[in-house]
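Subject: Structure handover

Hello,

Here is the structure for your files. My notes on it come after the model.

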Amino acid sequence: MASRRFVVGGNWKMNGTKKQIEEIVNFLQAGPLDPNTEVVVGVPAVYLEHVRSKLPAAIGVAAQNCYKEEKGAFTGELSPLMLKDIGIDWVIIGHSERRQIFKETDALIAEKVKFALDKGLKVIACIGETLEQRESGKTEEVVFSQTQTIACLVKDWTNVVIAYEPVWAIGTGKTATPQQAQDVHKALREYIAKNIGEDVAKSVRIQYGGSVTGANCKELAAMPDIDGFLVGGASLKPEFVSIVNARQ
Ligand SMILES: O=C[C@H](O)COP(=O)(O)O
């Protein structure tokens, strides 16, 4: 088994009130959480500082997006410098909902990843194919190309976690089978070894995301190239603790 530290992200998306956040904070604090697993929660921007103040430092807090400029006339956007200023160290970039609903392109996502890294954030960079792309046999082509666009700008991958999230498995209850996910992760790692660098391939952590639950996480976590999860719906529920502990 590779020595990459298992990393589980909870992407709350546009969910949560202060009351619900209190419940989530409570189950995260009660844990117990596997100390060998790194945990990061992706929080709506308006609650970032609040959640950061409630959680122990060992749990990372991520913004769900940020822009590729320091400051200026970009109404509605967040600067990586602002995130650092309030004690936030992580950001999720290129989630399929940003790609599909907000029309973010591979090129823009790559620029955002580079900018966020340059400003000292750690990045969960999301990639993944649609159902149509999978059914037309283009899964690998799509995820390789999304990764390569980032690699054209990013040379140091130390602070990057890749989240492979097949779009057809997000919020649908249709999880990729452990073997389907493993096949893509393995192929992507081989692609990275050949085209980006062998050291990057060995060290970069690749999360799986898409309908991960307490019930299916252990089988997925047993796959050698799955280094963690990016969890949506289940990250709002106490079962998130079981997902964090999937390798135990
Ligand atoms: O970022 C998380 C993914 O979109 C997965 O969401 P889900 O676990 O609700 O399918």
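Predicted model: local features only at pLDDT ≥ 70, side-chain atom pairs only at ≥ 80, totals over all residues.

Residues are numbered from 1 along each chain as its sequence is written, and side-chain values use heavy atoms, with hydrogens and water left out.

Ligand site

Polar contacts here are pairs of N or O atoms within 3.5 Å. The side chain of Lys-13 has an N or O atom 2.7 Å from an oxygen atom of the ligand. A polar backbone atom of Gly-232 lies 2.9 Å from a ligand oxygen, and a polar side-chain atom of Asn-11 lies 3.0 Å from one. Taken alone, the ligand exposes 300 Å², and the protein buries 94% of that (Shrake-Rupley method, 1.4 Å probe).

Nonpolar cores

A nonpolar core is a set of buried Ala, Val, Leu, Ile, Met, Phe, Trp, Tyr and Cys residues joined through side-chain atoms within 4.5 Å; buried means under 20% relative accessible area, with a 1.4 Å probe and protein chains only. The largest core has 69 residues, and Val-41, Tyr-208 and Phe-229 have the most contacts inside it. Helix H8 (residues 178-195) gives the most to this core, with six residues (helices are DSSP runs of H or I, at least four residues, and strands are runs of E, at least two, numbered from the N terminus). Apart from it lies another core of 10 residues, including Val-40 and Ile-124.

Two single residues

Thr-37 is in the loop between helix H1 (18-30) and strand E2 (38-42). Thr-37 counts as buried because its relative accessibility is 5%. A polar atom of its side chain lies 3.3 Å from the backbone oxygen of Val-244.

Val-123 is in strand E5 (residues 122-127) and is buried, with a relative accessible area of 0%. Leaving out residues up to four places away in sequence, Val-123 touches residues including Trp-90, Leu-117 and Val-161 (contact means heavy atoms within 4.5 Å).

Regards

Terms used:
Buried < 20%, exposed > 50% of the residue type's maximum accessible area, 1.4 Å probe, protein only. Polar contact = N/O pair within 3.5 Å; in protein donor to acceptor, adjacent residues only side chain to side chain.
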